[in-house]
Amino acid sequence: SDLFPTIMLAGTLVVAVLKGEHLHTGHHLTAPKTYLRITMGTESVRTKALQQRTAGWNQTLHLPVTDLTIKLQLQLFEQHTVRSDTSLGPPASLIVVQCADGEAHPFQVPIGSARVSLNLLFLKTDPPSSHIPAIPAVSHLPHCVYYVLVAASDYQGKNRLYQSLADADRFKRWAQGTFKVPADQLKCLLGSAYTRAGLLQGMHWLTHHLKQPGRVGLMYVAGHGTQVMDVSGDEVDGFDEAFQTDDNGIIIDDEVTAIFDSMDHSSRLITVSDTCHSPSMDMWGHSRHNWISIKAALDSEAALQSGEGSAMSHCLFDIVKRQPHITTQQLRQTLDAEMRRSFVGELQHIQVEVSHDRLWEQPCFP
């Protein structure tokens, strides 16, 4: 980086990770379960883990950037279930200062014996870029009207979860106390009431109110999650993530996206999915919305619990109580750090996603 003058630009580096080739560890008869971690300064993002010698990630990641002369670090890891993930070799460094021109740049990066293909695009946000449409700043509304949907089950007698109902109750009491949500703006689907029909009706109820401008919706789901075969062809790994309701119903992420797509563009939706294989809305192509998704685990991971409750919910509640006006970016960083320090370590990786980059710097809960 000392070959270039410092280029201070506020914006986002969009990293389209296309594929990784020749992914092997030398001791596997089958392909390792591999993901790519990308770091720039103090910021870090990663792809989902795929078990393929040629991993077709086709995944878009975003890194906030203030100095394009900082080197981009790329490192491949093998994901394990019961022990810490292991590196597939030393990281590769990439100088991306040439991306300041606002054009997409293709790269093929050797990482050990593997090779990763990706495209980089820098979106400048100060002044606002023509690439990023303006959206209403919900955080500046003087009086946000909140609607809250809480769904959870302990699945008595069938793959029982012992802390989901307690976590849901804590979330409900936090939302009521923080945002003064009256009873008619709160819907709870707990235990046997958490059915497929009930959750679909609840999401339509929430969307109905979010069709009014300037409102905020919170949806918290705690329970089982699963993966099912993708029939629409929009999932790189061939699987849709889904909520699994108390009546053994399935609601896939495509259904969730379709329901909330009709909400008003000035309203905000924050979803918290504390489930295995956590589903959420599909953020890609929905930048006109104010969507924030907080997920307990990657698509391929389980969400772990202890006697204090779900690891993710426990950390999340502690953070928002200490910092009620925390920005979405700060929440992602703090939640990730506290999860890594908890008993789950590297076994579970939270995901915070937004439909529009400007939501990163706004308070997550306006």
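**Close-ups from a predicted model**

**View A. Helices α1 and α4 side by side.** In this predicted model, α1 and α4 pack with their axes 11 Å apart, at an angle of about 15°. That angle is under the 35 degrees cut-off, so the two helices count as roughly parallel to each other. Their crossing is left-handed. On the α1 side, the residues to look for are Asp-167, Arg-170, Phe-171 and Trp-174, and they meet Ser-313, Phe-317, Val-320 and Lys-321 of α4. Sorted by type, the residues of this contact come out as 4 nonpolar, 1 polar and 3 charged.

View B. Helix α5 covers residues 328-341, which makes 14 residues.

View C. Ala-92 sits in strand β8, residues 92-94. With a relative accessibility of 10%, Ala-92 counts as buried, because the cut-off for that label is under 20%. Pick out Leu-74 too: Ala-92 and Leu-74 are 18 residues apart in sequence, yet their C-alpha atoms are 5.2 Å apart in space. Setting aside neighbours within four places in sequence, Ala-92 is in contact with Leu-72, Gln-73 and Leu-74, and also with Val-109, Pro-110 and Ile-111.

**View D. His-22, a loop residue with positive phi.** His-22 is found in the loop between β1 (8-21) and β2 (33-40). Its phi is near 60°, a positive value in a residue other than glycine. Is His-22 buried, exposed or partly exposed? Its relative accessibility is 47%, so His-22 counts as partly exposed.

**View E. Tyr-155, another loop residue with positive phi.** Tyr-155 belongs to the loop between β11 (145-152) and α1 (164-179), the helix of View A that packs with α4. Tyr-155 is not a glycine either, but has a positive phi of about 55°. At 3% relative accessibility, Tyr-155 counts as buried, whereas His-22 counts as partly exposed.

Terms used:
Residues are numbered from 1 along each chain as its sequence is written. This is a predicted model: local features need pLDDT of at least 70, side-chain atom pairs count only at pLDDT 80 or more; totals for chains, interfaces and linings use all residues. Side-chain values use heavy atoms; hydrogens and water are left out. Helices (H or I, at least four residues) and strands (E, at least two) are DSSP runs, numbered from the N terminus. The expected span of a helix is 1.5 Å times one less than its number of residues. Buried means under 20% relative accessible area, exposed over 50%, partly exposed in between (1.4 Å probe, protein chains only). Contact means heavy atoms within 4.5 Å. Axes are lines fitted to C-alpha atoms, for helices over the stretch in contact, and angles run from 0 to 180 degrees between N-to-C directions. Angles under 35 degrees count as roughly parallel, over 145 as roughly antiparallel, 65 to 115 as roughly perpendicular and the rest as oblique. A crossing is left-handed if the near helix is turned anticlockwise from the far one by less than a right angle, and right-handed if clockwise. Ala, Val, Leu, Ile, Met, Phe, Trp, Tyr, Cys and Pro count as nonpolar, Asp, Glu, Lys and Arg as charged, and the others, Gly among them, as polar.
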